[in-house]
Amino acid sequence: MAEHTPDKENLAELRSMLAERKTALLQTIRQELLTADQEHFQDLAGHVHDVGEESVADLLMDIGFANIHRHVQEIREIEQAQKRLAEGTYGICRDCASEIALPRLKAQPTATRCYECQTRHEREFSPETD
Ligand SMILES: [Zn+2]
């Protein structure tokens, strides 16, 4: 299983993947804030005559904040992963304490569970489950 365990080089790669993703997310949020600013909204609202201006504002703000909230959530996950990297606990499954496979970490550097535990977790907590 040694070939699936992240070595120093892999960890350096994952560390830079996390840093790059964080920078990209911060840029996206900045972009979203710019497009959600009031002047832009007023310009948009000027073209919408059939819908109450307030509901258009609510709609735009809701969309903007939902996106931003999701991005902020992902930044938090990245920061937690960076903390685990610094503490040396990165890549350990939080449920079964086994090592998370390297391909999974490369696909999702913020993963906190191995594939098996994540699948079980999603099954248990999915609202679709009956
Ligand atoms: Zn596990």
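Which helix holds Ile 75? Ile 75 lies in helix H3.

## Model and confidence

This is a predicted model, in which local features need pLDDT of at least 70 and side-chain atom pairs count only at pLDDT 80 or more, while totals for chains, interfaces and linings use all residues. Residues are numbered from 1 along each chain as its sequence is written.

pLDDT is the predictor's confidence in each residue, on a scale from 0 to 100. The chain has a mean pLDDT of 80. Of its residues, 70% reach 70 or more. Among the elements, helix H4 (residues 102-107) has the highest mean pLDDT, 95. Helix H2 (residues 38-45) has the lowest, 56.

## Overall layout

The chain has 5 helices and 0 strands. From the N terminus, the order is α-α-α-α-α. Helices (H or I, at least four residues) and strands (E, at least two) are DSSP runs, numbered from the N terminus.

Two residues are in contact if their C-beta atoms, placed from the backbone, lie within 7 Å. Take the contacts between residues at least 6 apart in sequence: 54% of them join residues at least 24 apart.

## Burial and the nonpolar core

A residue is buried if 20 or more other C-beta atoms lie within 10 Å of its own, exposed if 12 or fewer, and partly exposed in between, with C-beta atoms placed from the backbone. Buried residues make up 8% of the 130 residues in the chain.

A nonpolar core is a set of buried Ala, Val, Leu, Ile, Met, Phe, Trp, Tyr and Cys residues joined through C-beta atoms within 7 Å. The largest one here has 5 residues: Leu 14, Ile 100, Leu 105, Ala 111 and Cys 114. In soluble globular proteins, nonpolar side chains tend to be buried together. Set aside sequence neighbours within four places, and Cys 114 is in contact with Cys 93, Cys 96, Ser 98, Ile 100 and Ala 101.

Ile 75 touches Lys 22 and Leu 25, not counting residues up to four places away in sequence. Ile 75 and Leu 26 are 49 residues apart in sequence, yet their C-alpha atoms are 8.2 Å apart. Is Ile 75 buried, exposed or partly exposed? Ile 75 is partly exposed, because it has 16 C-beta neighbours inside 10 Å.

Ala 12 lies in helix H1 (residues 8-35). Ala 12 counts as exposed because it has 12 C-beta neighbours inside 10 Å. Ala 12 and Leu 85 are 73 residues apart along the chain, with 9.6 Å between their C-alpha atoms.

Ala 97 sits in the loop between helix H3 (53-87) and H4. Its phi is near 65 degrees, a positive value in a residue other than glycine. Ala 97 is exposed, because 10 other C-beta atoms lie within 10 Å.

Arg 104 is in helix H4. With 17 other C-beta atoms within 10 Å, Arg 104 is partly exposed. Leaving aside neighbours within four places in sequence, Arg 104 is in contact with Ala 111 and Tyr 115. Gly 91 is 13 residues from Arg 104 in sequence, and 9.6 Å away from C-alpha to C-alpha.

Tyr 115 lies in helix H5 (residues 115-125). Tyr 115 is partly exposed, with 13 other C-beta atoms within 10 Å. Beyond four places in sequence, Tyr 115 is in contact with Ala 101 and Arg 104. Cys 93 is 22 residues from Tyr 115 in sequence, with a C-alpha to C-alpha separation of 9.0 Å.
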